[in-house]
Amino acid sequence: MTDTQLIELLTSEDNGLRNKGFSYLVERDYEPVLSYVKRNSGNPEDAKDIFQEGLIALIRNIHNQSFRKTSSLKSYLYSICKNLWLQELRKMNRNTAEIETSTSEHDLERNLASEFDEKLQVVRDKFNTLGEECQKILVLFYYKKKSMKYLQELYQLGSTQAAKNKKSRCLKKLSSLVE
Amino acid sequence: MDRKEFEVIMQVIQEEGIRQELGQMIDQKHAGVQKTWLKKTIWKSIFGVALVSVTAVSAYWLLSKNKEDAPTTTSGQVIVKQNLTEETRQTPKSYKKDNTESSTKDRSDVQGSLGDWQSDIATKTDKTGAGPMTINTGKSEPLEEIKPGSSTPTQVDTGSDEDIEPSSEVDSTDDLEDTQVNEDGSIPADSDTSANTTINIPNSDGQGDTVASDSTLARDAVDQGSDEPIEKKNLKWDFTTGIGYGFVSTGDIRCLTLNNEIGYRFTHRLYASVHGNFGKSYGNGDIVNASFITGGVYMHCSVLKPTWKNQLRISAGPALYTISHTYRGSSNVVNGQIVWDYIFERRRAFGYSIAIEDRYAVTDRIFVGARLYTHQFRNADIVSGANLNFGYKF
């Protein structure tokens with residue numbers, strides 16, 4: 001699969017196609033990231049988080065058109081993950097002297113810093129303070145495009161209207177937390 | 001909630017959705033990685049055991065075959081019946097030194113016959129370790145009758161179909177200094193035949209007059225400052241096997257060699273490996289046959305900046321060496337016959353090895369290479385040669 005095809009899959013509105021892209025990336029690019037994180041004081045859970053964040057950052061950069069097609073998607077994603085892990089290590093005040101230092105090939109640190117919009121970070125933090133149920137409902141409805149009927153059956157609600165109300169309450173709660 | 005805020009919230013929800021999807025996929029991948037690791041470990045173990053087994057069997061075969069082939073493994077002697085014009089007795093020589101002119105001439109005369117005998121020697125040599133034997137090539141007149149002696153030499157007439165008989169016809173008495181030989185090669189009637197027909201032969205255990213010798217990461221592998229990856233996969237180990245041609249001992253033994261090596265990559269420029277080199281010679285010059293084994297450790301360093309395709313490296317490390325070989329020792333002329341001593345010798349030595357090798361990647365995993373190497377040992381032996389290598393990274 002070429003990078004162009006992969007980008008099309010990742011930016012697709014169709015969940016199935018997007019998941020196909022994710023699946024391909026996980027299969028192809030996860031192991032090097034896992035290997036790097038493990039070599040630098042991390043564990044598989046850290047690698048999982050870093051890869052998730054790296055892929056999200058990649059998609060955001062594709063949408064922002066800050067991804068330069070001069071480098072391959074694979075090396076770009078890998079570099080993002082490396083930098084994210086370095087940031088993480090710095091946060092944890094670990095000794096970074098022995099950490100394999102990144103090349104400045106993409107100046108990603110700078111890019112990532114600028115792209116991590118403050119507001120986005122605030123919303124993300126607030127989203128995490130939402131209850132698990134609210135998080136799930138919002139993701140199911142807005143990301144996975146599930147219908148109200150599906151939510152009604154999942155949460156055993158009396159009607160689709162009840163499901164709609166539940167979703168609205170969750171969204172309002174998040175909005176109020178952000179404000 | 002304004003539109004901008006809504007968009008930000010939607011983006012966060014999207015990210016969360018992606019995170020959830022990826023989380024499941026990565027968990028599955030983790031399980032897959034563990035399974036793959038287990039599989040790889042099992043295969044590596046099987047491969048390692050198989051390699052060690054093949055190495056051990058090869059070494060055993062080479063050494064045991066050498067013993068079987070060696071005519072003087074149990075000490076042996078060949079008498080060539082030939083009319084000579086003068087009485088000669090060749091001074092025992094080292095196999096490393098050139099023979100005298102006459103000896104060389106004599107040897108060249110009988111070279112063809114010797115080749116025929118070698119197989120007979122292997123089968124007909126008295127393997128009890130008793131002592132010398134005499135062989136009549138059938139080219140000349142029958143062997144002179146020899147007086148019985150104290151030891152148990154064997155007389156073999158390859159010109160007839162007679163089997164080897166433990167013989168008491170040969171006396172293992174002292175030396176040939178007093179041998180009387182007429183100009184026509186015959187022995188005077190009054191000469192003491194028993195004193196003229198045997199030569200002390202070194203034993204196979206190295207005592208006696210034997211010449212004693214103490215004798216191939218994903219993108220983390222992107223090279224600094226270069227976009228070209230050195231390794232497309234994170235493959236740390238490699239196995240190399242190679243065949244080649246080499247010069248052993250003082251360089252006078254020419255051998256076909258088989259080299260096996262397991263390497264480990266520390267960095268893109270630094271590697272280590274354990275190697276075993278086997279060689280076998282089927283005879284040339286005074287050497288009847290020889291086989292050797294060297295083993296050791298190499299540290300490899302890429303002198304030039306390595307690339308994915310090509311890697312030039314120099315290697316050095318300690319090495320051990322053991323050689324078993326059979327060669328022609330002294331020759332004597334007795335009653336117009338040339339008698340050859342064959343000496344079996346085994347020696348071991350410690351030394352070092354240096355090599356230069358160029359590797360060329362065929363695929364991510366498979367590579368070929370050419371290596372020039374030389375081992376230098378403390379007993380002044382060398383093993384030098386060239387190998388064509390085939391390798392697999394894992």
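**Entry 1: conventions.** I noted that residues are numbered from 1 along each chain as its sequence is written, and that chains are lettered from A and ligands numbered from 1 in the order in which they are written. Local features in this predicted model need pLDDT of at least 70, side-chain atom pairs count only at pLDDT 80 or more, and totals for chains, interfaces and linings use all residues.

**Entry 2: chain B.** I found two helices and 12 strands in chain B; helices (H or I, at least four residues) and strands (E, at least two) are DSSP runs, numbered from the N terminus. Of the 394 residues in chain B, 38% are buried. A residue is buried if 20 or more other C-beta atoms lie within 10 Å of its own, exposed if 12 or fewer, and partly exposed in between, with C-beta atoms placed from the backbone.

**Entry 3: where the chains meet.** I looked up the contact between the chains, to which chain B gives 30 residues and chain A gives 34 residues. Two residues are in contact if their C-beta atoms, placed from the backbone, lie within 7 Å. The side of chain B that touches chain A has 14 nonpolar, eight polar and eight charged residues. Here Ala, Val, Leu, Ile, Met, Phe, Trp, Tyr, Cys and Pro count as nonpolar, Asp, Glu, Lys and Arg as charged, and the others, Gly among them, as polar.

**Entry 4: the largest core.** I then turned to the largest nonpolar core, which has 30 residues. Such a core is a set of buried Ala, Val, Leu, Ile, Met, Phe, Trp, Tyr and Cys residues joined through C-beta atoms within 7 Å. Val33(A), Phe51(A), Leu77(A) and Cys81(A) have the most contacts inside this core. Helices H1, H2, H3 and H4 of chain A and helix H1 of chain B each give it two or more residues. Not counting residues up to four places away in sequence, Phe51(A) touches Tyr30(A), Val33(A), Cys81(A), Leu22(B) and Ile26(B). A second, separate core of 14 residues includes Leu171(A) and Ile13(B).

**Entry 5: helix H4 of chain A.** Helix H4 of chain A covers residues 73–91. Its buried residues include Leu77(A), Cys81(A) and Trp85(A).

Key:
Expected span 1.5 Å × (residues − 1).
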